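Please look over the sequence and the structure shown here. The paragraphs after them go through the structure step by step.

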Amino acid sequence: DREDDETGMDEQISKKLVSSVKKAAAADMIEKSPDEAELERAFIDVVDFQHDLSEDVRFTRASARSFGVAEGTDVDPNLWTSIRLWQSYAEQRLVANQNEMQKEFQERLVDYLKKDMGKEGDEELPSAIGFQDLSPELQKELIDLQKRMTAELKPLLMEQTLSMQKILEAEDHKGRVDLMLYFVNAERKRLQAKKTLKSMFGGSPTAVAEREIAEPEPPTLPKLDDPSQKQQLFNDDDDDSWQ
């Protein structure tokens, strides 16, 4: 019985794989507009940069080949599946970055309390500590952390709140492609700058954050007229697109 179950599972996986390949091939056969082709290339660049930098949250190499730009929902993958995928990516980056930054400082704070303030066990650690009670070194680290969070998390928050709103307000497929291209290009430029700064400053996160803060603000998003109809997006996660 177990062998039969495994055989049936293998057949289901094979059918699913064949179906996915056929859908991707059908979507790839559709002629792309210049903007659609540019969006596809920009996404591939983003995936390449993510793997070059070993980003914690990144798309799989395979997702670069199945990034949809087609209009409508009768073709899979299509632009809407890519929009949902990008929305999920922005959310996961925000959570991962926030957790990593907080964890980094919390570890330093616990180490300070145990060593410099003579707190031996976790049960002796205070539940709260004031900024003025920190050492000058930790105060500087906290200020640097706030700068990093401003530099790295604020754009993610803006993207989460504004990108989907703008895309839903777009009147047509071309408007949605243009907006997706804007967001993907912004991420490509961020990763490209991060790679350059990493080589210049030896990968120091503080130095990179300070340089990023000095960079000018990104250009204002293009204004779009309100459409008569808006499409509802659901945050469907595609596990095969993440590593």
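Are Trp-86 and Tyr-89 buried or exposed? Both Trp-86 and Tyr-89 are buried, where buried means under 20% relative accessible area, exposed over 50%, and partly exposed in between, with a 1.4 Å probe and protein chains only. The model is a predicted one, in which local features need pLDDT of at least 70 and side-chain atom pairs count only at pLDDT 80 or more, while totals for chains, interfaces and linings use all residues. Residues are numbered from 1 along each chain as its sequence is written, and side-chain values use heavy atoms, with hydrogens and water left out.

The overall layout comes next. The chain contains seven helices and zero strands; helices (H or I, at least four residues) and strands (E, at least two) are DSSP runs, numbered from the N terminus. Along the sequence this gives the pattern α-α-α-α-α-α-α. The chain has 243 residues, and 34% of them count as buried. Among the contacts in the chain with a separation of 6 or more, 74% come from residues 24 or more positions apart, a contact being heavy atoms within 4.5 Å. The accessible surface of the chain is about 15400 Å², and 50% of this belongs to carbon and sulfur atoms; the areas come from the Shrake-Rupley method with a 1.4 Å probe, and for residues only the protein chains shown count as cover.

H4 has 37 residues and spans 54 Å from its first C-alpha to its last, close to the 54 Å expected at 1.5 Å a residue; the expected span is 1.5 Å times one less than the number of residues. At the start of H4, a side-chain oxygen of Asn-78 comes within 2.9 Å of the backbone nitrogen of Trp-80.

The whole structure holds seven aromatic pairs; rings of Phe, Tyr and Trp (its six-membered ring) pair if their centres lie within 6.5 Å, and planes under 30 degrees apart count as stacked, over 60 as edge-to-face and the rest as tilted. Trp-86 and Tyr-89 form a tilted pair, 5.2 Å centre to centre with 55° between the planes. These two residues are separated by about one helical turn because they are three residues apart in helix H4. Ring pairs also link Trp-86 and Tyr-89 with Phe-43, Phe-59 and Phe-67 in a cluster.

Charged side chains are the last topic. A search of the whole structure finds 13 salt bridges, each a side-chain nitrogen of Lys or Arg within 4 Å of a carboxyl oxygen of Asp or Glu. In one of them, Glu-187 pairs with Arg-93, with the closest N and O atoms 3.0 Å apart. Glu-187 lies in helix H6 (residues 173-201) and Arg-93 in helix H4 (residues 79-115), so the pair ties together parts that are 94 residues apart in sequence. Both Glu-187 and Arg-93 are buried, and they belong to a network of salt bridges that also links Glu-55, Arg-190 and Lys-194.

Glu-137 and Arg-108 form a salt bridge at 3.5 Å, N to O. Because Glu-137 lies in helix H5 (residues 136-169) and Arg-108 in helix H4, the pair ties together parts that are 29 residues apart in sequence. Glu-137 is exposed, with a relative accessible area of 52%, whereas Arg-108 counts as partly exposed at 27%.

Terms used: Polar contact = N/O pair within 3.5 Å; in protein donor to acceptor, adjacent residues only side chain to side chain.
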